[in-house]
Amino acid sequence: MIRHHLFWPVAALALLIVLNAVVNPAFLELRMQDGRLYGGVVDILRNGAPTLLIAVGMTLVIATRGIDLSVGAVAAISGAFACTWIAAGGHAFTAMTLALGLCVLLGLWNGFLVSVLGIQPIIATLVLMTAGRGGAMLITEGQIITINDPLYRQIGAGFLVLPIAILISLGVLLLVGALTRGTALGMLVEAVGTNPRASRLAGVRSRTIVWTVYVFAGLCAGVAGLMISSNVSAADANNAGLWIEMDAILAVVIGGTSLAGGRYSLTGTMVGALVIQTLTTTVYNVGVAPNAILVFKALVVIAVCLLQSPHSARLFGPRRRAASAPHRSEEVTAA
Amino acid sequence: MKKCMTAAAALTLLAATACGSGDSPSAEDDTITLGFSQVGAESGWRTANTESVQQAAEDAGIDLQFSDAQQKQENQIRAIRSFVQQNVDVIAFSPVVETGWDAVLLEAQRADIPVILTDRAIDSEDDTLYETFLGSDFVEEGRKAGEWLVDNAEGETNVVELQGTTGAAPAIDRKEGFEEVIADHPDIEVIATQTGDFTRSGGKEVMEAFLRSHDDIDVVYAHNDDMGLGAIEAIRAAGMEPGEDIQIITVDAVQAGMEALAEGDINFIVECNPLLGDQLMELVEQVVADEEVPKRIEVEETTFTQEEAQAALPDRKY
């Protein structure tokens with residue numbers, strides 16, 4: 001079991017939750033309040049929903065041997081557009097639809113640069129990462145747009161017993177899981193990531209696949225942006241989704257998907273995203289001093305990554321090379 | 001390389017035109033020329049600050065050369081150099097960062113152009129490099145927040161603090177001033193303090209965690225309005241009434257904060273005033289007339305209770 005690629009991330013998650021419960025026993029308490037669940041774990045799920053959603057999109061991008069640095073900026077644009085639209089008197093539904101349409105366009109742009117022009121993903125998406133936040137600030141004219149719209153509030157702060165945000169994220173996760181693992185799509189994505197040339201020669205339409213995953217990542221970022229701004233009923237172009245691309249990439253890596261592309265694990269991504277959000281919540285709950293937060297987070301992440309590395313797996317596990325074979329097959333069942 | 005040369009050419013051109021029009025504005029007539037380099041337009045506060053300076057210059061009949069540094073020090077240094085070359089009467093700027101100003105300020109000093117710092121201070125051993133620093137006293141803002149709490153607290157009071165970005169001057173000073181005042185009052189205790197990064201979502205997330213780990217919170221002290229507004233959301237979600245079950249004190253007094261104060265969600269706001277234009281123009285005139293000015297001048301700032309907010313809101317500028 002110790003050799004399973006998710007052993008250490010799950011252990012870290014469990015450890016963090018135990019730490020929270022020891023310091024503050026009320027943390028694990030769950031109660032119904034006005035028809036919704038209220039408790040520490042629910043907070044983790046709700047606050048972690050945007051990161052999880054973006055990480056799902058990022059998983060597919062990384063599986064094709066790409067990376068999308070622009071997701072934070074795209075999230076900012078989405079929230080900025082929707083809030084500005086609503087503030088100008090528009091309907092929340094139109095606002096969200098248009099904002100998501102805009103994000104699909106941005107995803108198309110990223111995908112075009114990468115799959116058609118063949119620009120390196122890190123550079124291609126860096127363009128939108130920088131320009132996108134500027135665009136968001138143009139939309140909001142540099143102000144924080146505050147709105148008060150009951151419908152728009154739902155997507156980030158609303159509840160259907162569980163937070164609506166996490167229901168959306170988990171729904172997308174399951175859908176992607178069913179779509180890629182239930183059909184050959186997942187295998188094709190992995191093939192493109194493992195060897196783009198060989199897969200093209202074998203008849204896989206790698207350009208379409210690569211283009212599609214960037215559009216999907218843009219859409220995920222757009223929905224996450226709506227959640228982030230809806231959660232506080234305000235669009236802050238400067239800070240919304242700031243560094244969330246790093247959190248998403250980290251979630252994917254912690255989940256065991258290699259940045260070199262190929263094999264990916266959606267379950268792993270989910271666990272990774274939860275570890276990251278639980279880490280943030282733990283910092284607040286346990287009362288780590290503000291100037292020690294970054295060091296504390298870094299230590300936990302380093303510990304998980306070190307324990308996950310192939311070298312330490314050999315140290316901890318039985319000293320047999322053959323053991324790596326079953327290890328691989330388990331992942332295909334992911335999600 | 002090509003880019004460098006273009007930039008160099010542009011600079012030379014700029015310098016040439018600047019030299020060309022150099023001495024005329026100040027020497028011929030009595031109009032004062034003020035070169036002002038702003039940080040950028042990163043927040044509503046800053047926009048209000050810029051508008052105040054522009055409006056005040058127009059009212060005072062001062063010729064304002066305005067330059068936006070877009071939050072980059074090199075832009076600001078370039079702007080100050082070009083002000084020196086234009087031979088403006090006074091240079092004013094809000095430094096993007098604290099250090100690295102000595103060389104360019106020395107150039108201004110050699111050209112005999114007085115410099116006024118606004119809003120933010122610089123960290124330099126040589127304080128003859130500038131005439132005066134006009135800006136908010138963040139420690140005093142923290143003290144004002146603490147004083148209101150001391151006057152209004154009844155019995156045992158548990159405070160949670162939402163700090164600004166770790167290491168930022170306003171965060172450090174607003175904490176210090178607040179602690180200084182409540183230190184003499186053992187029944188007021190800060191039971192938890194954490195950074196919310198000056199953002200709404202930061203304030204909300206931290207407040208959620210505070211509500212989870214402490215069930216005896218009486219007061220929230222947030223270093224800016226936005227974090228306070230985030231805390232309001234968290235308190236509502238926990239089924240409590242912000243402003244009543246838990247009292248909220250914030251600093252800044254931006255539009256959204258003032259509205260929440262008027263509606264009773266926030267209890268007290270200490271103003272951090274961006275409207276320093278008139279004070280700046282007065283100083284510019286004094287400096288040009290060679291009058292002695294103090295090294296440190298505080299912006300006139302006030303505080304708002306809920307009633308005062310309702311009265312002040314209709315004609316707030318920002």
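A crossing of two helices is termed left-handed if the near helix is turned anticlockwise from the far one by less than a right angle, and right-handed if clockwise. The structure is a predicted model, in which local features need pLDDT of at least 70, side-chain atom pairs count only at pLDDT 80 or more, and totals for chains, interfaces and linings use all residues. Residues are numbered from 1 along each chain as its sequence is written, while chains are lettered from A and ligands numbered from 1 in the order in which they are written.

**View 1. Helices α4(A) and α10(A) form a right-handed crossing.** Helices (H or I, at least four residues) and strands (E, at least two) are DSSP runs, numbered from the N terminus. The axes of α4 (residues 92-116) and α10 (residues 206-232) of chain A come within 7 Å and cross at roughly 145°. Axes are lines fitted to C-alpha atoms, for helices over the stretch in contact, with angles from 0 to 180 degrees between N-to-C directions. The contact of α4(A) with α10(A) comprises 19 nonpolar residues, six polar and one charged. Ala, Val, Leu, Ile, Met, Phe, Trp, Tyr, Cys and Pro count as nonpolar, Asp, Glu, Lys and Arg as charged, and the others, Gly among them, as polar.

**View 2. Chain B touches chain A through 24 residues of chain B and 25 residues of chain A.** Two residues are in contact if their C-beta atoms, placed from the backbone, lie within 7 Å. On the side of chain B, two or more residues come from each of α3 (44-60), β7 (188-195), α8 (200-213) and α9 (225-237). The largest share, nine residues, belongs to α8(B). This side of chain B holds five nonpolar, eleven polar and eight charged residues.
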